[in-house]
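Hi there,

Here is the structure I promised to pass on to you.

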Amino acid sequence: MPTYRKFVVTPDLPAPLRPLLEIARNVWWTWNVEAINLLRRVDPDAWDVHRGNPIAVLGSLPAERVRELERDKAFLAHLERVRGDLERYLAMPSWFEGENEQLGKTLIAYFSLEFGLHESLPLYSGGLGILAGDHLKSASDLGLPLVGVGLAYQYGYFRQYLNHDGWQMEDYPVNDFYNMSMQLERDPEGKPWAIEVHYPGRVVKARIWRVQVGRNPLVLLDTNLPDNLPEDRELTSRLYGGDNDMRIRQEIMLGIGGLRALITLGLEPDVCHLNEGHSAFLALERINLLMKHKGLDYATAFELVRASNVFTTHTPVPAGNDHFGHDLVEKYLKAKADELGIGLENLMRLGRQDPDDKHETFCMTVLALRLSRFANGVSELHSHVSREMWQRVWPGVPAEEIPISHVTNGIHTRSWLCSEIARLYERYLGSRWYEEPTSRTIWDRVDNIPDAELWRSHERMRERLVSFVRRRLRRQLQARGANRVWVRQASEVLDPEALTIGFARRFATYKRAALILRDPARLSRLLNDPQRPVQLLFAGKAHPKDNPGKELIRQLVHLAQMEEFRHKIVFIEDYNIEVARYLVQGVDIWLNTPRRPLEASGTSGMKVPPNGGVNLSVLDGWWCEGYRQDNGFAIGAGEDYEDQEYQDEVESTALYELLENEIIPMFYERSSDDVPREWTRIMKNSMRTVNAEFNTNRMLEEYSGRFYVPCVENSRRLGADGFAKARELAQWRKRVKSLWAEVRIVCVEEGPQAAQPMGSSIPVRALVALGGLAPDEVLVEVYHGPVDDRGDIAGGDTTTMTAGETRPDGVVYEGVIPCTRAGRRGYTVRAVPRKEGFPLGRFETGLVAWWHDPERRPCDEQAPAGKVKLRS
């Protein structure tokens, strides 16, 4: 191979046009309509060729076009307006600072394996990445001091195309980072920064790219460097590519390398937010750095790190969480375990649900749960599923009390809103709707929008969607070598005035894209009604290794080619942010049919109501919280089924009946001015109820108030006075664990036998042996609630008991149970460790002692001979 000298050429614009580069290098432009219009105006044809990539457009401008723009006074005035908007945006007062003036300077690091910001930055796969991108955008809007951390994939996720038979094929075009809205981070001498991460027998280097997202940076690591071995250069080549060996190497780079990159850039975080478990190794590196640089022991460093980590889980099925065998953990992390001084086996214990089960694999989600102060699911239902899924991490704790809460996902509204509807909002809601997207008062003003005006705006977006699909379909068919007649007919598919239903998401089998196709004859009658036509748009990718998902796409494509469906059903290839934007802005109905409860959240449906669309969904994920009966449509009533075939039959029938009896008649029932008044009422209800709640501004405000700020305060409290509180907490935890075996509920005084009237209280007394612990180190509670058919308490409440008399065999605790509800009730007593004034959750130590006496003997019979009885 010859030797090459490499250099970089950057766009060189005359002074009046240089602000274009400033705007193009900050992806703020992706959610500012005026900025998008400005950048497209530079060269509309090049904009389409380069898929909306402004850096590539500016880098390909002919000299003549540059001179034209330089002389174009209207363009220069437009440029000056947009530059002014960006400058004002960056300088405007911050919501976060206003809410947390006392906090001072701080930094939150948000780690994610993928980020979806725009189609011109293809570093994402699907929902997880889109959420991460919207998270960064709202963090910028709210002024959160936050930095994103991820990997710079040379090939990103795959580009999808279908062969002649409709089978999904994958293509991996190269991402040219130098022609994207990214810049290399450089040291004071102008050389690219690089960090090093140790792997077995070698060091892997990674350079650091920055994507500026409004006020906040996104830091991305790139290992495609000549200094690295070929297999290490491939480490950041593909998102979700390769085997488990590749995955663990990527996750080491994300967690350990990502943290080192931040420190190299002077951005050491106070709080780390793990978006899924992929980055959990960062917690080990944080502990390691505290031990090295602050002289702390492992236990003290553990307390500090755990107190300032936040973990969000997104996966509602065990198989979807990353698991690594003992061999891979030993190969890649034994040196780290030795460096921490804990050894490989103790590291393995951190990643097992049952630490003592040596046959259990190492799970990244478990590691994240054990090393994070706060953990949450992404919808209320998902938190219930997660608590049940990970209950073994907290043995003895009731499922409803497992410390996994929920912060329901949202969307960055301005990134997904069409300009037509945005203008209506400006006119009838006022100019502050985008600054205060969580204000219910503002969204209540949607009733001020005239029905006819809202409907005509939405119709224009549907027409725009149909035009886009026709162009896209024609290109697809030509590339596939399809029949020339079909290619010509692509310009005639779909009806711009017909009820349009969209289904777009990952083609995993549990998403059930084929549910609406289950009865082709019935579907044909629905779609081909000449008076009330309906049409279906599908888009989505199957994972390259998911052959059942690929087969689903193939069957759908073959169905769409049948004569009765050829103009009514279209599958749009290569689903990405651009396709999603056209779909959510133009469809009338957004269809979602997951197999409950496997949809963690499902944010695609949240993008439709701001644009005037309506959801039709199984009650799963976010729709359980969003559905209000008059703001969309629900398939079923939230039932769970054991027989999946029966479930599909029941729910497909329910779907057809909804369409036939409610949705289609309502859509086509028009007033004298051809406006569907009842339908526009549903549209407005959807806007009002969904827009204020399911946005990432509300989501970030929750994360900030419930997790980020408490984590900062936790970290500072434990780190004060030379880490005195952290050392105290570590010593206390060790002591409690060593003594807890002596803690037991000796007996509980028998309660009343007669029925109790509502409003009364039942006194409870218990004798608790504390071993070597003091009463203020143990929280004793009455756990009470309704009794189910198995005799267990389901969904119990707690009442704190107060320590009273100290006796030779224990301490007497007293409490009361309020009788607030009628029915069969039960109670028991438990004890958990407690340390006042420290950032500890109730079950953070994993220790709990329950009253256990199968024979339910009276206290007098249980007290040892010669000991003082509980009752005198």
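For what follows, a salt bridge is a side-chain nitrogen of Lys or Arg within 4 Å of a carboxyl oxygen of Asp or Glu. Please keep in mind that this is a predicted model.

Under that rule, Arg-596 and Asp-640 pair up, with 3.0 Å between their closest N and O atoms. They bring together distant parts of the chain, 44 residues apart: Arg-596 sits in the loop between β18 and β19, and Asp-640 in the loop between β20 (633-635) and α26 (644-668). Arg-596 is buried at 18% relative accessibility, whereas Asp-640 is exposed at 53%.

How many salt bridges are there by this rule? The count is 76. Another of them joins Lys-511 to Glu-599 at 2.8 Å, N to O. Here the partners are 88 residues apart, with Lys-511 in the loop between β15 (499-504) and α22 (520-527) and Glu-599 in the loop between β18 (589-592) and β19 (614-618). Lys-511 is buried at 9% relative accessibility, and Glu-599 is buried at 4%.

Then there is Arg-842 with Glu-781, whose closest N and O atoms are 2.8 Å apart. Arg-842 lies in the loop between β27 (825-833) and β28 (849-850) and Glu-781 in strand β23 (residues 778-786), so the bridge ties together parts 61 residues apart in sequence. Arg-842 is partly exposed at 36%, while Glu-781 is buried at 1%.

As for the cysteines, the disulfide count is zero. Cys-418 is buried, with a relative accessible area of 1%, and Cys-819 is buried at 12%.

Best wishes

Key
Residues numbered from 1 in each chain as written. Predicted model: local features only at pLDDT ≥ 70, side-chain atom pairs only at ≥ 80, totals over all residues. Heavy atoms only, no water. Disulfide = S-S within 2.5 Å. Buried < 20%, exposed > 50% of the residue type's maximum accessible area, 1.4 Å probe, protein only. Helix = DSSP H or I, 4+ residues; strand = E, 2+ residues; numbered from the N terminus.
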